[in-house]
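This briefing is meant for a reader who is meeting the structure for the first time. Please keep the sequence and the model in view while reading the points that follow.

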Amino acid sequence: METMICAYCGQEIKKEDYRVYCPSCHADYHKDCWLANNGCVTEGCEYNRRPMSMCAYCHTPTKKEYVYCKKCGRPTNPLMNVVTYPQGSEFHVPDTEADTAVLLVGKNSEKILKRFAKLNKTKNKLSWNLPAFFFTGFWFIFRKMYAQGIVFLLLLALFGASAVLLPAFRFITVPLFLLVMVGCGLCADGIYMERIRVLAKEALDVPENLRLEHIFKVGGTNKKFAAIAGAAGVAAVVLFALFAKAVI
């Protein structure tokens, strides 16, 4: 069998490696090398450092060095579909839970999956997630965990309203309000990790020709819903303040 050499790093492309071939000049690459160079290295090749200025799926402006769109989580490089997996698939369809998890997480996947790995190693479901602490509830909605987000927001609303309407019990309600925020920050990663694990298993049961669309539908982030929830929350606080002022 002919030895394949990566045109980017000059190293052998082993049988078990993920391989990319240039559609124009047919040079071979490791998948990571292709993405690192954002295309082909061959001088004069039409795919040589092809500029990427807009996501082909959601049309969001993006920097060419980004591997995944920061909005929808899809690959920013349209040539990702020429990735050849060890099994010989001609499409970039994840076939393991680990590969599926990367696409499911989408934005900041490398950073988040490192936290997951640490949680698995220590057998601990608690860690510290600062965004989840500051944006209690909204962080879950942003990550498409709507039920969990609503639960945390309702708890905040309950204890916040109690602190306003029942000032005599603020020594209890205020600490409980803060406890909800701290609890959200501590358990967010563990909850998210279990969700991604379940979704990854479910995604592998979806037919290959439908798998990518399924992953992009259930995974990634949803800024729109998070923004709507935030606006609704602000409106609710204003209305409640007016109501409390009129009653009290």
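Predicted model: local features only at pLDDT ≥ 70, side-chain atom pairs only at ≥ 80, totals over all residues.

Is His26 buried or exposed? His26 is exposed, with a relative accessible area of 54%, and its place is in the loop between strand E1 (19-21) and strand E2 (28-30).

**The chain as a whole**

- The secondary structure of the protein chain comes to nine helices and three strands, and the order of these elements from the N terminus on is β-β-α-β-α-α-α-α-α-α-α-α.
- The protein chain has 248 residues, of which 39% are buried.
- About 14,500 Å² of the protein chain is accessible surface, and 64% of that area belongs to carbon and sulfur atoms.
- When contacts between residues at least 6 apart in sequence are considered, 53% of them join residues that are at least 24 apart.

**The nonpolar cores**

- The largest nonpolar core holds 27 residues, and the members that touch the most other members are Phe116, Trp139, Phe140, Tyr192 and Ile196.
- Two or more residues of this core come from each of helix H2 (97-105), helix H3 (109-122), helix H4 (130-134), helix H5 (138-142), helix H6 (146-165), helix H7 (170-204) and helix H8 (208-218).
- Among these elements, H7 gives the most to the core, with 10 residues.
- With neighbours within four places in sequence left aside, Phe116 is in contact with Val105, Asp189, Tyr192, Met193 and Ile196.

**Helix H6**

- Helix H6 has 20 residues and reaches 28 Å from its first C-alpha to its last, which is close to the 28 Å expected at 1.5 Å a residue.
- The buried residues of H6 are Gly149, Phe152, Leu156, Phe159, Ala161, Ser162 and Ala163.

**Buried residues and what they touch**

- Thr136 has its place in the loop between H4 and H5, and this residue counts as buried because its relative accessible area is 3%, under the 20% cut-off.
- The side chain of Thr136 reaches the backbone oxygen of Phe133 at 2.8 Å, while the residues that Thr136 touches, not counting those up to four places away in sequence, are Phe152, Leu153, Leu156, Val180, Met181 and Cys184.
- Arg211 lies in helix H8 and, at 7% relative accessibility, counts as buried.
- A polar atom of the Arg211 side chain lies 3.1 Å from the backbone oxygen of Val206.
- Ala226 is found in helix H9 (residues 223-247) and is buried, with a relative accessible area of 16%.
- Although Ala226 and Phe142 are 84 residues apart along the chain, their C-alpha atoms are separated by 5.0 Å.
- Not counting residues up to four places away in sequence, Ala226 touches Phe138, Ile141 and Phe142.

- His26, the exposed residue of the opening question, has a phi near 65°, which is a positive value in a residue other than glycine.
- Lys144 also is not a glycine, and has a positive phi of about 65°.
- Lys144 is found in the loop between H5 and H6, and at 12% relative accessibility this residue counts as buried.

- A disulfide is a covalent bond between the sulfur atoms of two cysteines, and the structure holds zero disulfides.
- Cys9 counts as partly exposed, at 34% relative accessibility.
- Cys187 is likewise in no disulfide, and the nearest cysteine sulfur, which belongs to Cys184, is 5.9 Å away.

Technical notes
Residues numbered from 1 in each chain as written. Heavy atoms only, no water. Core = buried A, V, L, I, M, F, W, Y, C linked by side-chain atoms within 4.5 Å. Buried < 20%, exposed > 50% of the residue type's maximum accessible area, 1.4 Å probe, protein only. Helix = DSSP H or I, 4+ residues; strand = E, 2+ residues; numbered from the N terminus. Contact = heavy atoms within 4.5 Å. Areas by Shrake-Rupley, 256 points an atom, 1.4 Å probe, with all protein chains shown as cover. Polar contact = N/O pair within 3.5 Å; in protein donor to acceptor, adjacent residues only side chain to side chain. Disulfide = S-S within 2.5 Å. Expected span 1.5 Å × (residues − 1).
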